[in-house]
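Take the points in order, and find each residue as it comes up.

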Amino acid sequence: MALPDLRSRLAAAASVAIEAPDDALLAAVFGKLFADRQLRVPAGLIEYLVSRSERSLAAAGRVVEALDRAALVEQRALSTALAREVLERLNDTQERLPDL
């Protein structure tokens, strides 16, 4: 297949923009990620995370993983206070990462 042919086929293909997840989707993702780890989530925690986390599915995974790890290491139950600490740590870590 010649390169001009490939260009014309790609130009004719439909494209779709994928936007950041809305609150409902992000809340469902957090719920699923916690359920996958069999973690008991206190009331209000998912809403707290949705309103304060980066709006991506990958970030939700990092937050749940960090919360799970912190709860185990510190022998604490999941809570809004623990989530606040974990989000601060994650934000501090991201700010120190060099740009590639």
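1. **Helix H4, end to end.** This is a predicted model. Start with H4, which has 18 residues. At 1.5 Å a residue, H4 should span 26 Å, and its end C-alpha atoms are 26 Å apart, so the expectation and the model agree.

2. **The buried residues of H4.** Which residues of H4 are buried? They are Ala 59, Ala 60, Val 63, Val 64, Ala 66, Leu 67, Asp 68, Ala 70 and Ala 71. An α-helix has 3.6 residues a turn, so residues three or four places apart point the same way.

3. **The largest nonpolar core.** This core has 21 residues. Those with the most contacts inside it are Phe 30, Phe 34, Leu 49, Leu 67, Leu 78 and Leu 82. Four helices each supply at least two residues: H2 (23-36), H3 (45-52), H4 (57-74) and H5 (80-96). H4 gives the largest share, with seven residues. As background, nonpolar side chains tend to be buried together in soluble globular proteins.

4. **Leu 78 and its contacts.** Leu 78 is one of the core residues with the most contacts. What does Leu 78 touch, once residues up to four places away in sequence are set aside? The answer is Phe 34, Leu 39, Arg 40, Pro 42, Leu 45, Leu 67 and Ala 71.

5. Asp 68 sits in helix H4. Is Asp 68 buried or exposed? Its relative accessibility is 12%, and under 20% means buried, so Asp 68 counts as buried. Leaving aside neighbours within four places in sequence, Asp 68 is in contact with Arg 37 and Leu 39. Leu 39 is also touched by Leu 78.

6. **Asp 23, in helix H2.** Asp 23 belongs to H2. Asp 23 counts as partly exposed because its relative accessibility is 47%. Beyond residues up to four places away in sequence, Asp 23 touches Val 50 and Arg 55. Asp 23 and Leu 49 are 26 residues apart in sequence, yet 10 Å apart in space, C-alpha to C-alpha.

7. **Two glutamines with positive phi.** Most residues other than glycine have a negative phi. Gln 38 has a positive phi of about 55°. Gln 38 lies in the loop between H2 and H3. With a relative accessible area of 74%, Gln 38 is exposed. Now look just after H4, where Gln 75 takes a positive phi of about 50°. Gln 75 is in the loop between H4 and H5. At 74% relative accessibility, Gln 75 counts as exposed.

8. **A nonpolar patch on the surface.** Leu 3, Leu 6 and Leu 10 form this patch. Together they have about 290 Å² of accessible area. Leu 10 is in helix H1 (residues 3-12). Why does Leu 10 count as exposed? Its relative accessible area is 59%, and exposed means over 50%.

9. **A salt bridge within H2.** The whole structure holds nine salt bridges. One of them joins Lys 32 and Asp 36, with the closest N and O atoms 2.6 Å apart. These two are four residues apart in helix H2, so about one helical turn separates them. Lys 32 is partly exposed at 49% relative accessibility. Asp 36 is also partly exposed, at 46%.

10. **Arg 62 and Glu 54.** The side chains of Arg 62 and Glu 54 meet in a salt bridge, at 3.6 Å from N to O. Arg 62 is partly exposed, with 38% relative accessibility. Glu 54 is partly exposed too, with a relative accessible area of 43%.

11. **A network of salt bridges.** Which residues are linked in this network? They are Glu 74, Arg 76, Glu 85 and Arg 89. Take the bridge between Glu 74 and Arg 76: the closest N and O atoms are 2.9 Å apart. Glu 74 counts as partly exposed at 31% relative accessibility. Arg 76 is partly exposed as well, with a relative accessible area of 30%.

Note on methods
Residues numbered from 1 in each chain as written. Predicted model: local features only at pLDDT ≥ 70, side-chain atom pairs only at ≥ 80, totals over all residues. Heavy atoms only, no water. Core = buried A, V, L, I, M, F, W, Y, C linked by side-chain atoms within 4.5 Å. Buried < 20%, exposed > 50% of the residue type's maximum accessible area, 1.4 Å probe, protein only. Contact = heavy atoms within 4.5 Å. Expected span 1.5 Å × (residues − 1). Patch = residues over 30% accessible without salt bridge, like charges linked within 9 Å, V, L, I, M, F, W, Y side chains within 5 Å. Areas by Shrake-Rupley, 256 points an atom, 1.4 Å probe, with all protein chains shown as cover. Salt bridge = Lys/Arg side-chain N within 4 Å of Asp/Glu carboxyl O.
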